[in-house]
Amino acid sequence: MSDDAPRVRLTRRRWLVGGAAVGGGLLALRFAWSTSAPAPTEPDPEPTEAMPPLPGELAAWVRIARDGAVTVIVPKVEMGQGIVTTACALVAEEMGAAMSQVTPELAPAAEVYADALFERQSTVGSTSIETLYTPLREVGARVRALLEAAAAERWSIDVARCEARDGHVHDGERSLGFGELAEAAASVPVPERVPLRPLGEHRLLGRSQPRLDTREKVLGRTVYSSDVTLPGMLVAQLVQAPSVGSTLGALDPAPALAVPGVRAVEVFEAPYPTVAVVAESFWAAKRGRRALEVPWDEPMADVDDAALAAELEGFDELVPVPLEGLAAPEATTASLAEAPQRLRRVYQSGYFAHLPMEPPCAVAWVHDGCCEVWGPIQRVTFAVRLVAREAGVPKEAVDYHPVYVGGSFGQGQKPTVVRQAVALSRRLDAPVKVRWTREDDVRHDHYHPAAHLTVEAGWDDEGLRAFTTELRCLHVTAVGYNGVDGALAYTPQVSATQRPRDGSRRARFVPTGALRGVGSIHTGFARESLLDEIAAERGVDPLAQRVAWMRDARGRALLERARGVWDEPKPEGVGHGVAFHRYKGHVSSPHWTRVVVVAEVHANEGRPRPRRLAFFVDCGRVLDPRNAEAQVVGGALYGLSTFFANEIHFDGGRVRESGFHDYPPLRIDEAPRVEVTFVDSDEHPTGVGEIGTTILAPALASAIADLTGGRPRRLPLAPQAR
Amino acid sequence: MRLRINGRTHELDVDPDMPLLWALRETLGLTGTKYGCGLGQCGACTVHVDGQARRACLLLVGSLEGVEITTIEGLEETHPVIEAWVAEDVPQCGFCQPGQVMSATALLRANPRPNDADIHRAMRGNLCRCGTYPRIVRAIRRAAGQTIEDG
């Protein structure tokens with residue numbers, strides 16, 4: 001029988017999971033891993049396993065215990081994408097460790113963990129594997145070199161005879177365990193250059209690994225920020241400004257303060273006016289929140305969907321999108337004018353919410369000139385700066401405690417809840433947990449930005465001659481325009497324009513941010529839909545047209561792979577569509593992930609429903625097939641939940657939706673069949689976290705057009721009846 | 001009031017209108033049962049009440065005298081459903097999974113050989129945002145291949 005008493009995690013500062021200790025005292029820990037690593041210069045908190053750290057920077061990545069247990073410090077946030085397991089496999093492969101002896105530990109905030117592309121510590125854009133593939137193998141290789149040198153020294157032999165594998169260094173029949181060698185290894189000079197194992201000798205990479213976080217997650221022992229408890233911690237329930245520009249009217253806090261357990265009613269701005277009912281328990285805080293009447297003055301009460309759409313469509317001053325490879329708009333306009341055939345269409349998409357399974361929750365404790373924080377944070381460097389400012393402490397005094405995150409999908413890039421927890425803790429001089437309700441989550445999200453796209457293509461019998469996009473979207477960074485250069489796969493004559501960055505927030509009624517797939521969701525929708533409309537006009541098979549027009553060799557190969565599924569005889573009552581995309585999460589990455597999807601829909605109770613999705617993915621070398629498949633399937637089902645039938649509406653300046661009843665995600669009986677085929681490749685691995693989401697929309701739109709004769713030109717494709 | 005949880009009796013002095021979810025998580029420190037919506041729409045708070053899958057966010061503590069409550073912490077680690085979940089590597093972010101496991105164990109206790117329609121019906125109250133549904137179905141089928149006893 002599992003012990004059902006609360007667990008304790010030992011870190012530099014003791015903190016509890018699950019609240020008051022039953023039966024008095026703190027219980028000793030028996031854990032697979034801790035969720036907070038000590039800083040590299042600090043001694044290991046488990047004295048029985050204390051070892052001198054590995055030399056130099058290696059200590060920031062790997063620890064080896066006396067019993068041979070290997071800890072890999074993972075510089076990314078684990079939100080379900082499986083990064084902790086593959087990060088461990090990358091190190092273990094080169095090190096010669098067995099996965100059974102490796103445990104992941106989430107990294108604290110430190111410059112050494114800055115991402116190579118974003119130059120900050122962050123987990124975004126499906127870039128983790130791409131940026132860690134070589135560096136983590138080099139870490140493993142360096143550690144192996146130290147262990148083999150230590151063994152060679154111990155045996156007084158040439159190091160060339162020593163081989164690290166399965167957690168031991170071998171010389172013929174004899175071997176020494178990593179644990180026996182680690183202390184000596186710590187004083188071996190770290191070699192400058194280390195050879196990496198040839199791919200053909202890999203035993204872990206390229207094979208599916210059991211995920212290292214699975215058992216704890218199944219047993220309910222994984223610590224998310226909503227599970228963190230500190231002695232004396234208060235819990236807050238919020239009433240947040242219902243719309244941009246709202247101000248608080250006269251508030252009477254007495255009804256909340258009268259509820260037993262409520263300690264305070266705080267009014268603050270972080271970053272918008274918010275009322276917090278702060279109590280000794282969640283239930284007291286909730287009762288206190290319910291008791292309050294909070295009057296708002298809402299100057300934006302005239303903002304509704306029509307007003308927002310009109311504002312978007314009204315952006316007339318457009319400037320070139322700053323993406324490499326795009327041509328000057330005038331040049332593309334000229335090419336369009338010369339093309340014998342042209343087609344111009346408008347496509348639109350709405351605002352979409354993240355709805356992670358774990359509603360936003362953060363814990364903060366400002367004390368003794370420092371601030372400790374736990375929360376759903378994807379961009380650690382950014383969050384540390386944000387927390388420092390809100391807490392009034394220097395960045396170096398922010399103690400970021402990494403936690404596992406219950407789904408994020410981009411929401412963790414702008415964790416307002418973290419800022420709110422810090423602000424309250426500072427005010428109240430106590431640890432504070434801020435819990436957003438599901439309603440808070442749906443109404444105060446940073447939504448995927450709505451978009452209005454005017455796309456035009458010119459072609460002749462040889463191929464696509466020119467492609468332009470006018471992107472009207474509130475978000476003017478890559479979150480809005482990612483993928484707008486996608487037509488470069490078909491023709492070099494591509495341009496795109498968008499509204500200028502005006503620096504003012506006047507137009508920003510709606511808070512927007514990155515959502516899995518980002519701009520590719522709407523730019524890909526517009527581009528691939530237009531290509532399908534062109535194919536229909538030409539009377540040509542849309543897959544065949546793409547193959548003929550595709551300039552990207554790997555893209556063409558992927559389309560050919562999809563032909564088998566595409567050419568299968570279609571059952572009665574089924575429509576199908578196909579789309580291609582290549583995605584990169586950072587503009588200066590040299591790598592694309594390429595995807596083709598064949599989507600099938602059928603009618604269910606008179607409405608089109610997805611029936612089958614067949615993905616073909618070229619992401620370079622697949623390091624963990626089962627996990628990569630899970631990522632693509634996950635992305636596809638996430639996309640269906642997010643924008644097939646759902647969107648966020650605005651009435652009277654406020655968000656209309658409030659939960660799973662009016663933004664209904666896919667349920668288990670609604671999930672279509674999803675198949676994923678990966679190309680066999682040794683090319684540099686690229687990310688697959690978003691690929692399932694990016695190109696679903698146009699393939700489904702074309703499938704619906706095939707089925708019904710009517711083509712949806714707006715996301716969501718099959719809106720709920722209202 | 002007294003609550004029977006995972007085979008032990010707990011004396012609690014809390015508001016009888018408090019949902020069981022918060023008694024579990026805060027009063028007793030059993031954090032495996034999760035808050036996902038508080039409205040019974042997502043299943044993240046699924047527990048067993050006398051062997052039936054119920055949503056702890058909708059059960060008021062004051063109504064639970066005399067029943068046997070089981071949480072994820074109360075299942076044997078070697079329970080066939082847990083082993084099936086691990087073997088199939090079901091979780092991604094993992095937040096919904098304790099609730100999924102609780103619903104699945106209740107299903108298999110009542111119906112040791114469910115077909116896909118049975119599985120969908122029993123499990124559709126448990127949301128997953130990461131898309132683990134296909135592996136959930138596989139794990140339940142896998143667990144159903146063995147004799148299921150109470151955990």
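Contact, as used here, means heavy atoms within 4.5 Å. This is a predicted model, in which local features need pLDDT of at least 70 and side-chain atom pairs count only at pLDDT 80 or more, while totals for chains, interfaces and linings use all residues. Residues are numbered from 1 along each chain as its sequence is written, and side-chain values use heavy atoms, with hydrogens and water left out.

Q: What is A:Asp297 in contact with, leaving aside its neighbours within four places in sequence?
A: A:Asp297 is in contact with A:Gly245, A:Ser246, A:Thr247 and A:Gly249. The C-alpha atoms of A:Asp297 and A:Leu248 are separated by 6.2 Å, although these residues stand 49 residues apart along the chain.

Q: Why does A:Asp297 count as partly exposed?
A: Buried means under 20% relative accessible area and exposed over 50%, with partly exposed in between (1.4 Å probe, protein chains only); the relative accessibility of A:Asp297 is 46%, so A:Asp297 counts as partly exposed.

Q: How do you know that strands S25 and S26 of chain A pair?
A: Two strands pair if DSSP finds at least two bridges between them, and S25 (residues 593–604) and S26 (residues 607–618) of chain A are joined in the antiparallel sense over eleven bridges. A:Ala603, for example, has A:Pro608 in S26(A) as its bridge partner.

Q: What makes S24 and S29 of chain A stand at the edges?
A: The open sheet of four strands has the order S24-S25-S26-S29 in chain A, with mixed pairing. S24 (574–583) and S29 (673–678) each have a single partner strand, so one side of each is left without a neighbour in the sheet.

Methods
Chains lettered and ligands numbered in written order. Helix = DSSP H or I, 4+ residues; strand = E, 2+ residues; numbered from the N terminus.
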